[in-house]
Amino acid sequence: MENVSSHKHFILDGFSELGALRPVLFLPFFIMYIVSLSANSLLLYVVISQTSLHSPMCILMAGMAFVDLSLPLFFVPNMLLSFLFDWRGISLTGCLIQMHFIHFIGTFQSTLLVWMALDRYFAICTPLYYNEHMAIPKFLKFIIPLVVRNVLLVTLFVSLARTLSFCAGNVMNHCFCEHMALVELACGSTAINNLLGLLTVFLIPVADFIVITASYVVIFSSVFKSGRSGVKALHTCITHIVVITVSLTTALVAFLSYRIRNGLPAAIRVFTSTMYLLFPSCFNPIIYGIRTAEIRQHILKTLTCWFPTLKRPL
């Protein structure tokens with residue numbers, strides 16, 4: 001098929017099944033978007049402004065807040081406008097750019113959890129050498145390989161998607177440019193694209209999950225052997241276990257709903273894929289703010305400074 005027949009403009013037709021009720025989706029997604037922006041901005045501000053929170057773990061939490069703050073910016077505003085004004089069009093170049101940023105930033109949701117698990121491993125299993133292990137020069141050996149991995153894999157599968165000819169159709173049943181949603185519209189063989197997509201899933205979220213699981217198995221074993229003090233230290237891990245469980249569950253549901261053909265309505269598949277990106281951005285900062293005592297105290301102090309009426313009893 002010649003390149004002249006390839007579509008250069010696409011329609012993002014997510015939730016089209018709702019028809020005239022589609023604009024109703026603006027309100028719940030707008031509320032989630034505001035919660036995500038507000039909660040992550042507040043968490044970032046508190047960690048940056050308070051020198052007592054400049055510990056490695058709090059800096060990693062701030063990194064997660066930055067990822068959760070950035071990710072919705074690349075698709076939620078456009079999605080909200082499409083709900084209100086029915087603006088569904090996007091160029092192939094715009095689609096590929098959006099795809100690259102969404103998938104690239106999204107990879108760091110699991111990668112940051114790996115770094116957090118390593119932080120807990122060093123803090124609990126080798127406390128005497130914690131500062132040495134978490135010093136930037138030594139910790140870079142855990143940072144650089146994972147960043148390079150994320151950059152190479154995402155850039156590779158987006159670049160391969162760019163070479164496809166899209167002559168089968170130009171309507172994506174999605175609210176943003178997701179890799180497999182675009183590849184499904186291609187004519188000709190897409191075996192390499194599918195294989196690379198699967199490889200990326202295995203080498204990033206699955207590999208990260210294996211490392212995280214191994215770290216926490218060792219941590220739990222060390223805690224149960226160390227006795228009472230170890231059990232107290234284990235409390236610091238619960239927050240990350242909750243976040244890991246929620247993040248991986250939403251990722252698995254979104255991945256399986258797209259890869260495995262089933263009787264799910266298209267709207268459910270679109271909803272799970274959208275929530276996979278948006279829900280953790282709302283959930284993570286709230287969990288970190290509630291379960292991390294130092295951050296919670298500074299957040300309450302900051303809020304009472306901004307809103308003095310909160311000090312007054314009702």
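Start with the transmembrane annotation. In the unreviewed UniProt entry, the feature "transmembrane region" covers residues 25–47, 59–85, 97–118, 139–161, 202–224, 236–260 and 266–290. Colour these ranges before going on, and keep in mind that the model is predicted.

Select residues 25–47. Over this range the chain is 96% helix and 0% strand, and the C-alpha atoms at its ends are 33 Å apart. Then select 139–161, where the chain is 100% helix and 0% strand. The end C-alpha atoms of that range are 34 Å apart.

**The whole chain**

Taken along the principal axes, the C-alpha atoms fill a box of roughly 65 × 50 × 35 Å. Of the 314 residues, 45% count as buried.

**The sheet**

Next, select residues 9–12, 89–91 and 171–172. These are β1, β2 and β3. They make up an open sheet of 3 strands in the order β2-β1-β3, with mixed pairing. β2 and β3 are the edge strands, each pairing on one side only.

Look at the two pairings in turn. β1 and β2 run antiparallel and are joined by 3 bridges; Phe10 has Ile90 as its bridge partner in β2. β1 and β3 pair in the parallel sense over 2 bridges, and here Ile11 stands opposite Val171.

Now show the side chains of β1. Which of them are buried? Phe10 and Leu12 are, and they point to one face.

Most residues other than glycine have a negative phi.

Select Phe15, in the loop between β1 and α1. Its phi is near 60°, a positive value in a residue other than glycine. Is Phe15 buried or exposed? Its relative accessibility is 4%, so Phe15 counts as buried, the cut-off being under 20%.

Move to Asp86, in the loop between α3 (76–85) and β2. Asp86 also has a positive phi, near 60°. At 47% relative accessibility, Asp86 counts as partly exposed.

**A nonpolar patch on the surface**

For the last stop, show the surface and select Leu27, Phe30, Ile31, Ile34, Val35, Ile286 and Ile290. Together these residues form a nonpolar patch with about 580 Å² of accessible area. Which helices each supply at least two residues of the patch? They are α1 (26–49) and α10 (266–291). α1 gives the most, with 5 residues.

Centre the view on Ile31, which lies in helix α1. Its relative accessibility is 45%, so Ile31 counts as partly exposed.

How values were computed:
Residues are numbered from 1 along each chain as its sequence is written. This is a predicted model: local features need pLDDT of at least 70, side-chain atom pairs count only at pLDDT 80 or more; totals for chains, interfaces and linings use all residues. Side-chain values use heavy atoms; hydrogens and water are left out. UniProt positions are given in the numbering used here, feature names are shortened, and annotations may be inferred rather than shown by experiment. Helices (H or I, at least four residues) and strands (E, at least two) are DSSP runs, numbered from the N terminus. Buried means under 20% relative accessible area, exposed over 50%, partly exposed in between (1.4 Å probe, protein chains only). Two strands pair if DSSP finds at least two bridges between them. Patches are made of residues with over 30% relative accessible area and no salt bridge: like charges are joined within 9 Å, nonpolar side chains (Val, Leu, Ile, Met, Phe, Trp, Tyr) within 5 Å. Accessible areas come from the Shrake-Rupley method with a 1.4 Å probe; for residues, only the protein chains shown count as cover. A salt bridge is a side-chain nitrogen of Lys or Arg within 4 Å of a carboxyl oxygen of Asp or Glu.
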